[in-house]
Amino acid sequence: MADPKETNEKYNVKRFRSVGKENPDYGQARDWLRAVGFGFHDEQRSDELIDKILAMYQADNRELTGVYVNEEPPLHALNPGFPVATFGTLENKLNVGFGEELRTRQITAVTVRGTHRRHGILRGMMTADLADAKDGGFAMAALTASEASIYGRFGFGVATFERSIKVDTGPKFRIRHEPVGRVEIADPRVLLDLAPEVFEQVHHRTPGSIVRQDSYRHHVSGAMTRDGSEDKAIKCALHYAPDGIIDGYVSYKFAGWDTKPYTVEIVDLVAATDSAYLELWQFLGSIDLVEQVSWPDAPVEDPLVWRSRTDAALRLPTTATCCGCASWTSLQPCQPAATAPMDGWSCRSGMRSVLPTVPGN
Ligand SMILES: CC(C)(COP(=O)(O)OP(=O)(O)OC[C@H]1O[C@@H](n2cnc3c(N)ncnc32)[C@H](O)[C@@H]1OP(=O)(O)O)[C@@H](O)C(=O)NCCC(=O)NCCS
């Protein structure tokens, strides 16, 4: 049971949208968000952070589902206005190639309070939502999983991978590429507007890409970290194509003088052309006082591998591609599928939207 039309002895279900403080339903959205934070072990979220997240959710036009207990809880326990389970959805476009885009139901914020686990609440929410998506004309649903072993039974399968890389940018580092554009440093805040514009260019040329959620631009520009504070360590470089169009950017941070070798970490690198990609890497490789560039969310298919002058420069952790660091997004036709065990991929949470491969189902 996780259909708002359905209720049982123990639980009732509500579906609603994210709203601002002035709206009478604000408290419901706020408590829903607190429940999500609890499910993912976050610190208690401040009112200010909640308002920022709700604003991003409004930009995404997310639908929020909460499951609530019917009975009055015992003294001192959380009041029944806090959902015992949460489930969020939004709609985005998936590039399926040949210039075609497919409306896709994205699923997020799946939590069930520990004290209500294993009563079939997740199954109820997922089944009701996929049926609703199918009725709404969706042919595809996608999610990024924190726990990979859960979703195979609902018909999801692995669709994409990323890997963690460390690149030695010492004296040996060279990229075989003659620059055609230029790279300039910018105030990272420009990414609040530019990041979605550049990503849009990438999205249109990348089969398997899903349009990014609003939170990306806040994160990559340093405007907002997970705890709501500004990330003042973020720096940004833009790539200009020969015609002056901005067709790539990298947002990055210095890992600090205590990290040896001295390292720059890539937060986000988005490039609409191979030239922009390689020239942003040439820039990263040229940063003084830095000996290594790390990227926890690097693509598996990477022109850098073929353009590096020396293999020694690119250090790929030996197990990264197959397990441990593989991150994935799942795609499935919008109907609950028969139970199918998922392989034992170990995954971490992420919001990666570029999917290099799309399964054939
Ligand atoms: C994971 C979670 C959502 C499961 O909710 P739940 O209501 O207890 O799940 P259900 O009772 O509906 O179980 C549905 C199925 O998933 C399985 N399942 C549940 N949790 C699982 C887990 N952690 N690993 C593997 N399988 C799991 C159940 O065995 C059940 O299988 P079956 O119906 O095929 O027999 C809940 O434990 C939770 O909120 N955990 C913390 C947050 C989290 O991990 N969210 C998922 C992010 S990707």
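Biologist: Let's start with Thr259: does Thr259 count as buried, exposed or partly exposed?
Modeller: Thr259 counts as partly exposed, since its relative accessibility is 29%. Buried means under 20% relative accessible area, exposed means over 50%, and partly exposed lies in between, using a 1.4 Å probe and protein chains only.

Biologist: Before we go on, what sort of model is this?
Modeller: This is a predicted model, in which local features need pLDDT of at least 70 and side-chain atom pairs count only at pLDDT 80 or more, while totals for chains, interfaces and linings use all residues. Residues are numbered from 1 along each chain as its sequence is written, and side-chain values use heavy atoms, with hydrogens and water left out.

Biologist: Good. Where does Thr259 lie?
Modeller: Thr259 is in the loop that runs between strand S10 (246-254) and strand S11 (263-271). Helices (H or I, at least four residues) and strands (E, at least two) are DSSP runs, numbered from the N terminus. A polar atom of the Thr259 side chain lies 3.3 Å from the backbone oxygen of Ala255.

Biologist: And which peptide bond is cis?
Modeller: The one from Lys260 to Pro261, where omega is near -5 degrees, and Pro261 also belongs to the loop between S10 and S11.

Biologist: Let me step back to the whole chain. How many helices and strands are there?
Modeller: The protein chain has seven helices and 14 strands. Of its 361 residues, 48% are buried, and the accessible surface is about 17,900 Å², with 52% of that belonging to carbon and sulfur atoms. Those areas come from the Shrake-Rupley method with a 1.4 Å probe, and for residues only the protein chains shown count as cover.

Biologist: What share of the contacts join residues at least 24 apart?
Modeller: If we take contacts between residues at least 6 apart in sequence, 72% join residues at least 24 apart, where contact means heavy atoms within 4.5 Å.

Biologist: Now the ligand. Which residues are closest to the ligand?
Modeller: The ligand is surrounded by 19 residues, and the closest are Val110, Val112, Arg118, Arg123 and Arg153; a residue is near a molecule if one of its heavy atoms lies within 4 Å of it.

Biologist: What is phi for Phe98?
Modeller: Phi of Phe98 is near 55 degrees, which is positive in a residue other than glycine. Phe98 sits in the loop between strand S3 (85-97) and S4, and with a relative accessible area of 87% it is exposed.

Biologist: Changing topic, how many aromatic pairs does the structure hold?
Modeller: There are seven aromatic pairs. Rings of Phe, Tyr and Trp (its six-membered ring) pair if their centres lie within 6.5 Å, and planes under 30 degrees apart count as stacked, over 60 as edge-to-face and the rest as tilted. The rings of Tyr277 and Trp295 make a tilted pair, because their centres are 6.5 Å apart and their planes are at 35 degrees. Tyr277 lies in helix H6 (residues 274-285) and Trp295 in strand S12 (residues 292-298), so this pair ties together parts that are 18 residues apart in sequence.

Biologist: Are those two buried or exposed?
Modeller: Tyr277 is buried, at a relative accessible area of 8%, and Trp295 is buried as well, at 5%. The rings of Trp281 and Trp295 also form a tilted pair, with centres 6.4 Å apart and planes at 50 degrees. Trp281 is buried too, with a relative accessible area of 0%.

Technical notes: A polar contact is a pair of N or O atoms within 3.5 Å; within protein, one must be able to donate a hydrogen and the other to accept it, and residues adjacent in sequence count only if both atoms are side-chain atoms.
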